[in-house]
Structure formats: structure tokens, C-alpha cells
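Here's a quick briefing to read with the model open in your viewer. Have a look at the coordinates, then go through the points below.

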Amino acid sequence: MRQPLITAEAIGLTRDNSKILDNVSLNIAADDFITVVGPNGAGKTTLLKCLLGLIKPTQGRLKRQAGLRVGYMPQRITAARTMPLSLHYFLALNKNSNAREIAEIAELTNITQHLQTPLAELSGGEMQRALLARALLNHPTLLALDEPVQNLDVGGEIAFYHLLENICDTRKVAVLMVSHDLHFVMRRSRQVVCLYHHVCCSGTPQVVSQDPQFKALFGNEMAELMTVYQHEHDHHHTDTGETPNG
């Protein structure tokens with residue numbers, strides 16, 4: 001049996017007599033890639049912060065593995081142009097890192113050439129890779145990502161997800177991601193959790209895409225697109241390597 005890194009049992013969060021989270025249960029294990037999806041205002045970011053201990057739930061129970069190391073990547077940060085903080089200095093603010101580790105992570109995330117660039121001058125894609133690099137500096141057991149491609153164009157999204165897949169394969173880190181990119185969720189997620197204050201449905205992408213509650217939130221057309229994407233992805237991995245028509 002896989003040992004959970006984080007176990008959430010019926011957690012809830014109420015603010016101003018409004019339920020932000022209601023009876024949410026979730027297990028995250030060492031080799032998981034879990035993506036939380038849902039409409040705006042569904043409580044996705046709040047759930048992520050509760051699981052990481054950044055927000056204390058008002059109901060339920062949370063248990064984290066002893067010594068759990070988490071690398072957290074927020075949606076965005078805003079760097080002030082009046083404070084010319086270089087990317088290298090930004091990464092070096094992590095007191096547990098050293099020059100060798102910074103260089104290694106910079107190469108892994110393809111930001112080596114930007115290490116002396118002021119943080120405020122980085123492009124959207126460069127900034128997201130910088131935030132990912134900072135999250136990786138702790139050698140995390142779990143990588144927690146909050147809408148990591150929210151401000152990127154389609155090309156930037158694809159490049160970021162390819163980078164994330166490479167990191168998962170080479171560093172064997174569990175991933176918990178909040179995302180609105182349902183097409184890309186299908187590519188890698190081991191489990192999808194559909195949230196609308198409570199867990200509407202969860203399971204493999206194939207199962208969730210056919211769930212009536214998922215269809216009620218996102219529509220039949222999106223469910224069909226996800227099913228087609230998954231079919232093509234599975235075919236790519238199970239074919240014989242022959243080209244079409246011969």
C-alpha cells in the first residue's frame with residue numbers, strides 16, 4: 001500500500017457564514033500526480049493552501065508525513081522595478097541552497113542565461129520557470145503548483161508542461177497542481193479531483209471526464225474533447241511504431 005504524504009479527512013472551511021470548502025477528503029501519495037480542477041471561485045487555491053498548512057481548516061483533520069518537504073509555486077509574484085533584485089539573488093534567498101544547487105536547478109529549468117537579469121525584467125515564461133526553480137531548491141517530496149501557466153500563451157503553456165513532465169520523470173517528485181487547463185490535465189495526471197466547494201467527482205482523467213457532475217460543470221463538449229485527447233494519447237503509447245497506411 002502506498003504511504004500517503006498528506007491525508008485530508010472531511011476538511012471544511014467557513015468564512016463569513018459561507019462554506020468555501022465542504023467535507024473534502026483527499027490522499028496524496030509519493031508517486032502521485034493529482035490535478036484539482038473546477039470553475040472560478042470553487043475553492044481550488046484555498047484547498048491547496050489548506051493541504052500545505054498555509055490556511056487552517058475550520059473542520060476535519062489533516063495529517064502530513066513526518067519530514068515532508070514541499071516545494072510551493074504560487075500563481076504569480078510581482079517584482080518591483082524600483083528594487084533591482086536579480087534572479088540569482090532571488091533564488092539565493094533560500095538559505096538551504098548553495099551555489100552548486102542553484103546552478104543545477106537553473107540548468108534544469110532553462111534559466112541559466114537569466115541569472116543576472118533583474119526579476120522585474122523577466123518575461124512571463126521566464127518568471128514561471130524561476131518560480132518553479134525556487135520551489136525545487138528544497139529537494140521537495142511534493143511539488144505544489146497553483147495555476148502555473150495562468151499568464152502564459154499557448155506556446156509557453158506547452159513548454160512549461162513539457163518541462164514539468166521531465167522534472168517528474170527525473171526527480172521522482174509527487175505533484176499536486178491546481179489547473180484550469182483541462183486539455184493538458186489529461187496528459188499526465190494520475191488523478192483528477194473536480195472541486196466545487198466539495199469534491200464533485202475524482203478518479204482517473206478518463207473516469208472523471210464521463211462523470212455527470214463534471215459534465216454539469218464543464219459541459220458535454222469539453223468532456224468529449226478530453227475523451228478524444230485521452231484516446232489519442234493512449235494510442236500514441238500503445239501503437240507498434242508503424243506509420244499510417246503502411
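Start with what surrounds the largest cavity: its lining splits into six nonpolar residues, one polar and three charged. Keep in mind that this is a predicted model. From there we'll move on to a helix and a sheet.

**The cavity**
- The count comes to one cavity of 30 Å³ or more, and the largest cavity holds about 50 Å³ of space.
- Its lining is made up of Phe 33, Tyr 161, Leu 164, Glu 165, Met 177, Phe 184, Val 185, Arg 187, Arg 188 and Ser 189.
- Helix H6 (182-188) and H5 each contribute at least two lining residues, with H6 giving the largest share, four residues.

**Helix H5**
- H5 covers residues 154-171, and its 18 residues should span 26 Å at 1.5 Å a residue; the end C-alpha atoms sit 26 Å apart, so the two figures agree.
- Buried positions in H5 are Glu 157, Phe 160, Tyr 161, Leu 163, Leu 164, Glu 165, Ile 167 and Cys 168.
- Tyr 161, Leu 164 and Glu 165 turn up among those buried residues and also in the cavity lining.
- Just after H5, Lys 172 adopts a positive phi of about 55°.

**The sheet**
- Three strands make an open, antiparallel sheet in the order S2-S1-S4.
- Strands S2 (18-29) and S4 (59-64) are the edges, each pairing on one side only.
- On average, neighbouring strands here are turned by 15° against each other, ignoring direction.
- S1 (residues 4-15) and S2 run antiparallel and are joined by eight bridges; Ile 11 has Val 24 in S2 as its bridge partner.

Terms used
Residues numbered from 1 in each chain as written. Predicted model: local features only at pLDDT ≥ 70, side-chain atom pairs only at ≥ 80, totals over all residues. Heavy atoms only, no water. Expected span 1.5 Å × (residues − 1). Buried < 20%, exposed > 50% of the residue type's maximum accessible area, 1.4 Å probe, protein only. 1 Å grid on protein atoms, 1.4 Å probe; cavity = no way out; pocket = protein on both sides within 12 Å on 5 of 7 lines; lining within 4 Å. Points joined across faces, edges and corners; volume = space filled by probe spheres on them. Nonpolar A, V, L, I, M, F, W, Y, C, P; charged D, E, K, R; others polar. Pairing = 2+ DSSP bridges. Axes fitted to C-alpha atoms, helices over the stretch in contact; angles between N-to-C directions.
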